Amino acid sequence: MKKNTESAFLKHLAVVAQKNDAINPELYEKYDVKRGLRYSNGTGVLVGLTKIGDVVGYELKDGKKVPIPGKLLYRGYDIAELVHDSEKHNDFGYEQSVYLLMFGKLPTKKQLADFKKYLGSLRVLPPNFTEDMIMKAPSNDIMNKIARGVLASYSYDPDPENRSVDNIMRQCLELIARFSTLAAYAYQAKRRYYDGQSMYIHNPNTELSTAENFLHLIRFDGKYTKLEAQILDLALILHAEHGGGNNSSLTVHVVSSADTDTYSSIAAAVGSLKGRRHGGANIRVMEMMDDLKAHVKDWTSDKQIRDYLTLVATRKAFDKTGLIYGMGHAIYTVSDPRAVLLNELAEKLAKQKGCLDEFNLYKRIEKIAPEVIYSIHGTGKRICANVDFFSGFVYTMLGIPRELFTPLFAISRIAGWSAHRIEEVSAGGRIYRPAYKNICPVHKYVKIDDR
């Protein structure tokens, strides 16, 4: 079949499929269907229990939910305390967060030192993996390459089908250690084969933290400053876990509940995170900011910023979806603790990089956008900037290209995914099987000669 003919053929089939797959939105209300596992007020349907992470945006007072400054808890510990303790000791904290999420308790100094050493020893990919699994089949999308790398790891595992917790723990820790290497090498292959640029393959340094290693691997000279590595480390801490209800963590629970192998469940989570409604949100923020900068001439003018955001919110500017990206969260209302913590170091980095004007622009938008959203939609729910609003700006100041924004999310979130996989295997015991109501009428079969 010729290409043009094939294209027309597939387009026709797509139209037929879409026509027959259409569902009247009113039927969701008629049958009380919780679309996206959410109630009509946006809160999630309770489908499981977890001890790993919690997202707190309200507290109960006299039986009523009252908005409070947001909190993110890892195993019951406030991440703000984890972050500030690491800063106090001028240390990197992501590995401690991994330890806490995986084992459910805070490590002693010796336990943490031994754990960091163990993770460092696992960063190098198996023999011939880089050449055979990354360089020989490069991808234009790094997330797809990471997913392929995860699935390929099955073939390099001497005991891939063993479902014991100790074996799953080994597999997860190997993936946690190697995700940054997988992402960095996939990026280098993309540069070489798709972007026509030079490719730099550095060996991982077993003595470095995850943040340091990643910067070392993606930069041609392997160099970085302590502040750069500290800020990237902070971003990794903030993205490591966000409760069991986010799409990719739920994916881990669902796939693991089918009693499949570790690599299949983690690869599925990578596919989920790649989605623009999940891990790709900070890229949409950056694209919106590109458009804003092209239309707002005076970054210090609240009026010009407000006018532009009003056009965005009324579907007259940018992508005309009506969304001001980086604003709002399902649970956080007063503040997103991740955005607050990232903000603290972002200003320091902006001063170092000569980006204070742009940082101040972000701060103005953070203040004005909720006012615009309220004036247009009149919603009583408070709106705050979420972590995606600032993370892309921070990564840009670090010289990290946009195609690595979502992979960075994966490098961090593999810790939470691993914890959720072990929790599901240890405490789940039942395959996820939600119900779908069939609304297709029964048809009398028509023989092919009579159609």
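These notebook entries set out what I looked up in the structure.

**Entry 1: ground rules**

I am working with a predicted model, in which local features need pLDDT of at least 70 and side-chain atom pairs count only at pLDDT 80 or more, while totals for chains, interfaces and linings use all residues. Residues are numbered from 1 along each chain as its sequence is written, and side-chain values use heavy atoms, with hydrogens and water left out.

**Entry 2: the whole chain**

I began with the secondary structure and found 18 helices and 3 strands in the protein chain. The radius of gyration of the chain is 24 Å, close to the 22 Å that the globule rule gives for 451 residues, so the chain is as compact as a globular protein of that length. Helices (H or I, at least four residues) and strands (E, at least two) are DSSP runs, numbered from the N terminus. The radius of gyration is taken over C-alpha atoms, and the globule rule is 2.2 Å times the number of residues to the power 0.38.

I then looked up the box that the C-alpha atoms fill, which is roughly 75 × 60 × 60 Å along the principal axes. Of the 451 residues, 47% count as buried. Buried means under 20% relative accessible area, exposed over 50%, and partly exposed in between (1.4 Å probe, protein chains only).

For contacts (heavy atoms within 4.5 Å), I noted that residues 24 or more positions apart account for 71% of those with a separation of 6 or more. The chain exposes about 23,600 Å², and carbon and sulfur atoms supply 52% of this area. Accessible areas come from the Shrake-Rupley method with a 1.4 Å probe; for residues, only the protein chains shown count as cover.

**Entry 3: histidine 420**

I looked up histidine 420 in helix H18 (residues 405–428). Is histidine 420 buried or exposed? Histidine 420 is buried, at a relative accessible area of 0%.

The side chain of histidine 420 makes a polar contact of 2.8 Å with the side chain of histidine 253. A polar contact is a pair of N or O atoms within 3.5 Å; within protein, one must be able to donate a hydrogen and the other to accept it, and residues adjacent in sequence count only if both atoms are side-chain atoms. Leaving aside neighbours within four places in sequence, I found histidine 420 in contact with several residues, including Thr50, Ile52, Glu241, Val252 and His253.

**Entry 4: the loop between H14 and H15**

I turned to the loop between helix H14 (302–313) and helix H15 (337–353), where arginine 315 lies. Phi of arginine 315 is near 65 degrees, a positive value in a residue other than glycine. Arginine 315 counts as exposed, at 54% relative accessibility.

Lysine 320 lies in the loop between H14 and H15. Its phi is near 60 degrees, again a positive value in a residue other than glycine. Lysine 320 is exposed, with a relative accessible area of 52%.

Leaving aside neighbours within four places in sequence, alanine 317 is in contact with Tyr308, Leu311 and Val312.

Phenylalanine 318 also has its place in the loop between H14 and H15. At 22% relative accessibility, phenylalanine 318 counts as partly exposed. Its contacts, leaving aside neighbours within four places in sequence, include Arg284, Met288, Asp291, Tyr308 and Tyr325. The C-alpha atoms of phenylalanine 318 and tyrosine 308, 10 residues apart along the chain, are separated by 9.4 Å.

**Entry 5: methionine 102**

I found methionine 102 in helix H4 (residues 94–103). Methionine 102 is buried, with a relative accessible area of 5%. Not counting residues up to four places away in sequence, methionine 102 touches a set of residues, among them Arg75, Met169, Cys172, Ala415 and Ile422.

**Entry 6: leucine 37**

Last, I looked up leucine 37, in the loop between helix H2 (26–30) and strand E1 (53–61). Leucine 37 counts as partly exposed, at 35% relative accessibility. Which residues does leucine 37 touch, not counting residues up to four places away in sequence? I noted Thr43, Gly44, Val45, Val47 and Leu250. The C-alpha atoms of leucine 37 and glycine 245, 208 residues apart along the chain, are separated by 9.5 Å.
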